[in-house]
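Please open the model in your viewer and keep the sequence panel beside it. The stops below tell you what to select next and what is there.

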Amino acid sequence: MFFLKRVFRAFRYRDFRIMWLGACVSTVGTFVQQFAQSWLVYDLTKNAFYLGLDLFLGQLPIMLFSLVGGVFADRLDRRRMLLASQYIQMACAFVLAALFATHTVHVWHILTLSSVVGIGQSFGGPAYSALLPTLVGPEDLANAISMNSIQFNLARIVGPTLGGLAYTVFGAAWCFALNGISFVAVIISLIVIKVAFVASKTNTSIVKSMKEGIRFIRDREGLAPLVALAFSSTLFGFSLTGFLPVIVQTVFHKGPGTYELLLVSSAAGSICGALIVASLEKLKGQGRLAVLALFALGVATASFAVSKWVVLSCFLIFLAGAAVMTSAALMLSLVQLIVVDSMRGRVMSVYNLAFRAGIPLGALILGKLIPVLGVSTSLAGFGMCLVAVAAYVLFVMRRVPTFGRHDDFAGANRQSETV
């Protein structure tokens with residue numbers, strides 16, 4: 001019982017519970033749509049490049065506008081920014097549902113709407129990252145981040161399951177309609193919670209404010225390496241699930257059921273990884289653990305790429321999911337503990353930009369490599385690149401322990417408060 005209280009201690013906070021539940025329902029809807037969207041893009045084009053292009057266009061606005069979104073997150077009402085983001089994404093889901101229901105959808109419709117969703121997320125993402133730490137006490141921040149990861153990955157299990165059922169029984173249009181309806185939950189939660197943050201009033205230009213955030217990252221020991229690791233982890237380690245339809249159809253010669261099984265296995269591994277992080281109470285050594293998790297992710301990805309056995313592949317993608325979530329949650333919690341609230345929107349926008357930028361770039365590169373080298377060789381190469389990055393940090397840089405020293409973070413925060 002004590003262990004469970006320790007693992008789920010962030011749920012003691014009312015606003016966090018409400019936000020967690022609303023976000024979970026909405027994320028389930030997102031994965032219901034992603035299941036249908038990835039499958040249909042490949043089914044319509046029979047070209048892996050369009051899968052990568054869809055992922056790229058969804059992330060491109062985040063790369064372009066998230067730094068601006070971070071500035072606004074430190075200046076405006078973060079709750080209102082999040083509400084605007086949810087309205088944009090909800091509208092796009094209903095538009096896509098209408099296009100499929102009327103049999104008028106084309107690939108360019110899907111690509112365009114992915115870009116519009118990305119615009120909404122480029123402003124909502126920094127606002128959410130900055131809002132989350134205000135819902136819990138600082139001693140429970142790492143736990144809250146892990147719980148947030150758990151809701152995301154619970155949705156990765158429930159979403160594809162519901163998506164597969166809705167796709168098979170009702171058709172693709174219902175997958176997109178269900179996603180649109182799911183946004184109601186997070187909108188209600190945002191209206192109900194109490195936000196303590198008071199936006200700062202300043203005449204500083206947007207460009208100068210962005211520079212302040214970048215300078216903060218440069219001056220705080222450990223922050224810049226964490227940003228670089230975040231980019232490397234998503235560039236080489238996050239594209240696996242995006243290309244599962246190619247693997248399912250060309251390697252295993254199976255259908256949506258196998259695709260759903262692999263997605264659920266990945267999500268189950270991610271939940272285990274998040275539970276591991278949630279059970280940790282001290283930060284000492286978390287930086288090294290994060291890099292070791294990236295090493296394991298590279299090995300699991302390369303092994304999955306050459307596997308020809310579905311059962312073994314489910315196990316390997318489970319391990320990959322656990323490694324992904326362990327490394328991501330540890331790095332994010334370390335960054336959140338270094339930064340102060342007045343800089344949180346800007347710093348987190350830079351971190352999120354690095355983290356998110358690797359996803360579309362990796363997807364686009366893989367989309368071009370797979371037709372030339374094959375899906376197995378391309379994914380294995382990406383896995384080994386991630387192994388090389390982790391090995392370099394562990395054995396050449398040898399600065400990983402500085403990521404996880406709680407006293408250093410506390411001192412940095414005290415110093416930052418005087419800036």
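This is a predicted model: local features need pLDDT of at least 70, side-chain atom pairs count only at pLDDT 80 or more; totals for chains, interfaces and linings use all residues.

A cavity here is a set of points, on a 1 Å grid over the protein atoms alone, where a 1.4 Å probe fits but cannot get out, and residues with an atom within 4 Å of a point count as its lining. Residues are numbered from 1 along each chain as its sequence is written, and side-chain values use heavy atoms, with hydrogens and water left out.

To see its lining, select Phe 236, Gly 237, Phe 238, Ser 239, Leu 240, Thr 301, Leu 366, Leu 379 and Phe 382. Two or more of these lining residues come from each of helix 9 (223–237) and helix 15 (375–397), where helices are DSSP runs (H or I, at least four residues) numbered from the N terminus.

Next, select Leu 235, which is in helix 9. With a relative accessibility of 12%, Leu 235 counts as buried, a word that means under 20% relative accessible area, while exposed means over 50% and partly exposed lies in between (1.4 Å probe, protein chains only). Which residues does Leu 235 contact, leaving aside neighbours within four places in sequence? Show Gly 358, Leu 361, Gly 362, Ile 365 and Phe 382, where contact means heavy atoms within 4.5 Å. Leu 361 is 126 residues from Leu 235 in sequence, yet their C-alpha atoms are 6.5 Å apart in space.

Now move to Ser 313, placed in helix 13 (residues 310–338). Ser 313 is buried, at 0% relative accessibility, and, not counting residues up to four places away in sequence, it touches Phe 252, Leu 262, Phe 304 and Ser 307.

A search of the whole structure finds zero disulfides, a disulfide being a pair of cysteine sulfur atoms within 2.5 Å.

Finish at helix 4, followed by His 103, whose phi is positive, near 55°.

Terms used
On a 1 Å grid over the protein atoms alone, a cavity is a set of points where a 1.4 Å probe fits but cannot get out, and a pocket is an open set with protein on both sides within 12 Å along at least five of seven lines; lining residues have an atom within 4 Å of a point.
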